[in-house]
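Me: I've got a model open and I'd like to learn how to read its cavities and helix packing. Can you walk me through it?

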Amino acid sequence: MEITTPYLLFLGDVPDPLAAKTALGIVDWRPEWCVGQLRFVGCQADAGIPDMTIAEARAAGARTMIVGAVNAGGVLPDHWVSTIVEALDAGLDVASGLHTRLHDNPSIRAAAARWGRRLHDVRHASQRFDTGKGTRRSGLRLLTVGTDCSVGKKYTALALERGMRAAGLDADFRATGQTGVFISGRGVAIDAVVADFISGAVEWLSPDAPRDHWDLIEGQGSLYHPSFAGVSLGLLHGAQPDAFVVCHEPTRTTMRGVSHPLPTIQQVIDLTRVCGYLTNPAIRCVGIAINTQALDEETARATLDEAAAAHDIPAVDPIRTGVGPIVDRILQDFPYS
């Protein structure tokens, strides 16, 4: 799949920034690809780039409109359809990471056909996957896991790619969600893979590699989340990680979208080790990534220091402090890498 840049990011009328995490993630990691954003009145997210109409974005060079929003169930709201059709009529391709296929909407499909525009449903892979086998693969793998969904697993993996490459390591980010696919240009939206093939899809995404190569696999959901634990477990088994990093948001008391209490970092470390042992008995935790965006500097530093002391592993905020201490731990624990 090749999606033409630059992008116009469509945020619609999402209720909060987390619901626009696809658009915000693209801006954070590929700002040079983004000419502007399109928002409806009442939108509660802002990607920090110019607001534009479709005509203005087309004049500014945009080639593809990205539906940069997420929601429960990945549905396409009916009142967004006319805007997508307008973009196609204006000469833009359209790409979406929602579960609802653009191709399944008659108005959108007709507009694309009318003008010869391309529709990209990135959550629906054309690749066929085998069931996972759990056979040991060469190379090294790191998986980001979480105490909840939307806690920074993608950002942590991307920051580790940057930090590990700067340290001279051979490392590649492996996308397992729609935003990561937009950022990296390759990947699999794991939550749209039929359950029997989740671990096999991750094995395909991260195949045999040279002994010193690291695949940094983007985690999804949480082993403790009642909605997404199945995806998280299949991803863990397929990733066969040598190392994992626990991602956490310290201001939450319940997991996103449900009333279940947030697990502790230690609970996630312990359960990840137990479940991960199936495909890699040598699995180990090399760090904690805490999203301290909601904390002031002093509280953030204290939170990181407390977590590092409590678990005897580095604790960082990938954006605020960088991932240097985790990279150092990887170099210490895997000297042959």
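**Cavity and helix packing**

Reply: Searching the whole structure turns up one cavity of 30 Å³ or more. This is a predicted model, where local features need pLDDT of at least 70, side-chain atom pairs count only at pLDDT 80 or more, and totals for chains, interfaces and linings use all residues. Residues are numbered from 1 along each chain as its sequence is written, and side-chain values use heavy atoms, leaving out hydrogens and water.

Me: What counts as a cavity?

Reply: On a 1 Å grid over the protein atoms alone, it's a set of points where a 1.4 Å probe fits but cannot get out; lining residues have an atom within 4 Å of a point. Here the largest cavity holds about 90 Å³ of space. Of its 15 lining residues, T144, V145, G146, Q220 and S232 are the closest to its centre.

Me: Which strand gives the most to the lining of the largest cavity?

Reply: Strand 6, with four residues. Strand 6 (140–146), helix 8 (229–239) and helix 9 (265–276) each supply at least two.

Me: How do helix 5 and helix 11 pack?

Reply: Axes are lines fitted to C-alpha atoms, for helices over the stretch in contact, and angles run from 0 to 180 degrees between N-to-C directions. Helix 5 (residues 153–166) packs against helix 11 (residues 324–333) at about 60°, with axes 9 Å apart. L160, G163 and M164 of helix 5 make the contact (heavy atoms within 4.5 Å) with I326, V327 and I330 of helix 11.

Note on methods:
1 Å grid on protein atoms, 1.4 Å probe; cavity = no way out; pocket = protein on both sides within 12 Å on 5 of 7 lines; lining within 4 Å. Points joined across faces, edges and corners; volume = space filled by probe spheres on them.
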